[in-house]
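Let's read a structure together, one feature at a time. Have the sequence and the model open as we talk.

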Amino acid sequence: MRVACIGAGPGGLMLALLLRRLGGHEVDVYERSPAGATYGFGVVFSRFSLARLRRAAPDVVAALLDRGARWDDVEVRRDGEEIRSSGHGFAAVERRTLLTALNELAEDAGARLYFNTEADAAELLGRYDVVVAADGSGSRTRTSFAGEFGAEVVPGRGRYAWFGVDRAFGAMTFLFADSEYGPVGAHVYPYGPDRSTFLVELGEQAWQRAGFTEGATKPPGWNDEQAMEFCAEVFAEHLRGAKLLGNGSRWLTFPHITSSRWSSGRLVGLGDAVHTAHFSVGSGTTLALEDAVELARRLSEHGEGDDLDATLAAYEATRRPIVESVQQAAWASLRMWSHPEEHRALDPATLMLRLLTRTGQSAADVLLRLDPQLAKIGDGVTALPEGPVPALVSSDGSAVPGDALLLAPGAQAPAGHDGPLLVAADEQAEERLKGLRAELPNAVLGLLIQAPAPAEEPVARVVDSVVALATAVPLDVVAVAPGPRLPAADRTARSALAERLTAAGMRTAYVCRPNELSQGWTHARSGRADTVWTTEP
């Protein structure tokens, strides 16, 4: 097959390399920038992503590890305190170094690379069997074929600026500081013996108060000196004399990109061209590389006479669930950085636990296996709470003292019950709660809710509706219970919803199944919820 790839980023180059190796296809890569030109600094990988990539291209991973940095620790710094956790496993390499290695390997495999060359997908479709859009989050191909891809681009909340620093930090370091405009956070990690990525995040309101320049209005390569000076001053105690470095560094918003279809006819997309995941989970480059691995495999297995639509659909069917899961986790991670006021009062140990569990998926028992020293931070992380845990029991079930009782519509509160009484969130909830409050003025009354889709707007709507209800009828507790969604999506949405409700001043109970108690307890310990309940066995 003759394959054209638009974009010589990591995904496009990996695809070219593997198509040559696996199927001997004829591959041309078109890149509008000069060879070696790139913005940004280090690219980070988890040990799990490295293991997956090693199976497809061990020499790529070897080049990354030989030329980059590796570390195991995560460190949190705030208010003069430092907390460190180990056992996590990361590697990073300079983006330019990664691209150079991939360039060399792709050319050695026989791919043809054309730099300083604009490419138009519509024109290429007239000359190639398959055209691949690998031209990043600013994809001109996606823009030109927006209807075919069903693409949606939503600007992120808050601002970020991507710098380097001429010093190697010893861990994945999260810095939190206060500025005259509001809280500021930074992600810092080494990518070489004397270099680190220094990525700063600032809330939207703080950015507006500061009157900074809108980076998107400036040409590529422009460095925002005002932003650099501001960040150097805010984080001076952590830089310790090291210098921030610019490379097209300016305040930007991160675009959330989704596509209802990843292919149309003989045109197919990969990586940021068709989907993005916020950089705070460090998965953008990984997703593009893993897309390339799967697309190369599918195209190399495609035989003469096979249905190309089916081949490309199989690629998407394999990758989409993985990508969407990462996007959901990235949304939860993004929330933590775009709402710094919600964790400003946390002590550093609790903040560390919240950071390690910010995607809603990690549990204390797993974290303690990675790093037993977590049992010593703060007042000690434990896998499970001490003593019995209240259960959420339906009104026709068997409750023991202390359990929370969910009253079915029309059910009466049983005499002598000493635990919370809850009603489900529905159109009659306010009326039922008012009646219970009049009948049992000293009872602990609450509302049971289920998490919506793991996305900002649905969660915000639920929070607003609960706050409005609590204004009409004072609530003693709001219980966030398992919903009907797939487990991973439900866990992410539940943890984010509990966190938002707690930040809004609600007393919140995180409800989990008995086999998820370690995870539920983690959310209580990280300050997302006040307590944890289980469902009936």
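**Reading the sheet, a hairpin pair and a buried serine**

Q: How many strands are in the open sheet, and what is their order?
A: The open sheet has 6 strands in the order β8-β2-β1-β9-β18-β17, with mixed pairing. Because β8 (112–114) and β17 (263–264) each have a single partner strand, they stand at the edges, and one side of each is left without a neighbour in the sheet. Strands here are DSSP runs of E with at least two residues, helices are runs of H or I with at least four, and both are numbered from the N terminus. This is a predicted model, where local features need pLDDT of at least 70 and side-chain atom pairs count only at pLDDT 80 or more, while totals for chains, interfaces and linings use all residues. Residues are numbered from 1 along each chain as its sequence is written, and side-chain values use heavy atoms, with hydrogens and water left out.

Q: What does pairing mean, and how do β17 and β18 run?
A: Strands of a sheet pair through backbone hydrogen bonds, either parallel or antiparallel. Two strands count as paired if DSSP finds at least two bridges between them. Here β17 and β18 run antiparallel, joined by 2 bridges, and S263 stands opposite V268 in β18.

Q: Which strands form hairpins with β13?
A: β12 and β13 form one, with 4 residues between them, and G182 in the turn has a positive phi of about 145°. β13 and β14 form another, with 2 residues between them. Strand β12 (residues 172–178) is joined to β13 by 6 antiparallel bridges, and β13 pairs with β14 (residues 195–202) over 8 bridges, also antiparallel. G185 in β13 is the bridge partner of F176, and G185 also stands opposite E201 in β14.

Q: Is S280 buried or exposed?
A: Buried means under 20% relative accessible area, exposed over 50%, and partly exposed in between (1.4 Å probe, protein chains only). S280 counts as buried because its relative accessibility is 6%. S280 lies in the loop between β18 (267–269) and α11 (284–301).

Q: What does S280 touch?
A: Contact means heavy atoms within 4.5 Å. Leaving aside neighbours within four places in sequence, S280 is in contact with H187, A330, S333, L334, W337 and R358. The side chain of S280 also makes a polar contact with the side chain of H278, at 2.8 Å. A polar contact is a pair of N or O atoms within 3.5 Å; within protein, one must be able to donate a hydrogen and the other to accept it, and residues adjacent in sequence count only if both atoms are side-chain atoms.
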